[in-house]
Amino acid sequence: MSSTLADAFGIAALFVAVLALVFAIQALRAQSGAPKTAQKLPATPVQTLEQPEPQPQEPQKPGTVKSELRRLSKELEDARNEMRETLQHLAVVRYDAYGDMGGRLSWSMALLDDNGDGVVLTSINSRNDARSYAKEVAGFQSESKLSPEEEEAIETLRKEASPALEDPDHR
């Protein structure tokens, strides 16, 4: 048997082994039942604009539709609050840092949360090297001196955030 044919059989055997491993893992997951979920939090009433203030009443039984809706509403509100503090807004400005180079290889990127807190990253590329800078941003402002491109990236996100800050349901 030639070495090329032996290599082909070896690759095929490896592929079959990996496929068998994947099927074995899936079979084990199916036998163990549904994946275990996180520990249930106690159902607590959540006040929103749509729900009237809850009246004192007998405690809800766990697993009832009303208690599950309250629990899910609380989890959703917690997730929304956490999302406001994640770096989820991104603006990139590309430019030519030096007149003798083209291709707009230099860039500044603002990465901020809903409050305008985060970081501005900049990479300035020349023919011989590239330099990178990181500057902290708080409330769409930085204590470090910003380049015009860095300011443009932050300003882009500030304009996007303005409607969201005025109308929290905008998102």
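These are my notebook entries on what I looked up in this predicted model.

**Ground rules**

I number residues from 1 along each chain as its sequence is written, and I leave hydrogens and water out, since side-chain values use heavy atoms. The model is predicted, so I take local features at pLDDT of at least 70 and side-chain atom pairs at pLDDT 80 or more, while totals for chains, interfaces and linings use all residues.

**Entry: overall layout**

I began with the elements. I found 3 helices and 4 strands in the protein. Helices (H or I, at least four residues) and strands (E, at least two) are DSSP runs, numbered from the N terminus. The order from the N terminus is α-α-β-β-β-β-α.

Next I looked up burial. Of the 171 residues in the protein, 20% are buried. Here buried means under 20% relative accessible area, exposed means over 50%, and partly exposed is in between (1.4 Å probe, protein chains only).

The accessible surface comes to about 13300 Å². Carbon and sulfur atoms hold 57% of that surface. The areas come from the Shrake-Rupley method with a 1.4 Å probe; for residues, only the protein chains shown count as cover.

I also checked the contacts (heavy atoms within 4.5 Å). Among those with a separation of 6 or more, 38% join residues 24 or more positions apart.

**Entry: the strands**

I followed the pairing along the chain. Two strands pair if DSSP finds at least two bridges between them.

β1 (89-95) pairs with β2 in the antiparallel sense, over 7 bridges. One partner I noted for Val93 is Ser108 in β2.

β2 (residues 106-112) runs antiparallel to β3 (residues 118-125), with 6 bridges. Leu111 has Val119 of β3 as its bridge partner. The hairpin of β2 and β3 has 5 residues between the strands. In that hairpin, Gly116 takes a positive phi near 80°. I also marked β2 as mostly covered, with 5 of its 7 residues buried.

β3 and β4 (residues 130-137) are antiparallel too, over 8 bridges. A hairpin of 4 residues joins β3 to β4. Asn125 is bridged to Ala130 in β4. Val119, the partner of Leu111, also has a bridge partner in β4, Glu136.

**Entry: the cavity**

Rolling a probe the size of a water molecule over the atoms shows where empty space is left. A cavity is a set of points, on a 1 Å grid over the protein atoms alone, where a 1.4 Å probe fits but cannot get out; lining residues have an atom within 4 Å of a point. Points are joined across faces, edges and corners, and the volume is the space filled by probe spheres set on them.

I counted 1 cavity of 30 Å³ or more. The largest cavity holds about 40 Å³ of space. Which residues line the largest cavity? I listed Tyr95, Asp96, Ala97, Tyr98, Met101, Gly102, Leu105, Ser106 and Asn125. They divide into 5 nonpolar, 3 polar and 1 charged.

I checked two residues here. Arg104 is in the loop between β1 and β2. Its phi is near 45°, a positive value in a residue other than glycine. Arg104 is partly exposed, with a relative accessible area of 46%.

Phe140 lies in the loop between β4 and α3. Phe140 is not a glycine, yet has a positive phi of about 65°. Is Phe140 buried or exposed? Phe140 is buried, at 10% relative accessible area.

**Entry: Arg158**

I placed Arg158 in helix α3 (residues 148-166). Arg158 is partly exposed, with a relative accessible area of 27%. What does Arg158 contact, leaving aside its neighbours within four places in sequence? I found Phe140 and Gln141. Arg158 and Phe140 are 18 residues apart in sequence and 6.8 Å apart in space, C-alpha to C-alpha.

Notes. On a 1 Å grid over the protein atoms alone, a cavity is a set of points where a 1.4 Å probe fits but cannot get out, and a pocket is an open set with protein on both sides within 12 Å along at least five of seven lines; lining residues have an atom within 4 Å of a point. Ala, Val, Leu, Ile, Met, Phe, Trp, Tyr, Cys and Pro count as nonpolar, Asp, Glu, Lys and Arg as charged, and the others, Gly among them, as polar.
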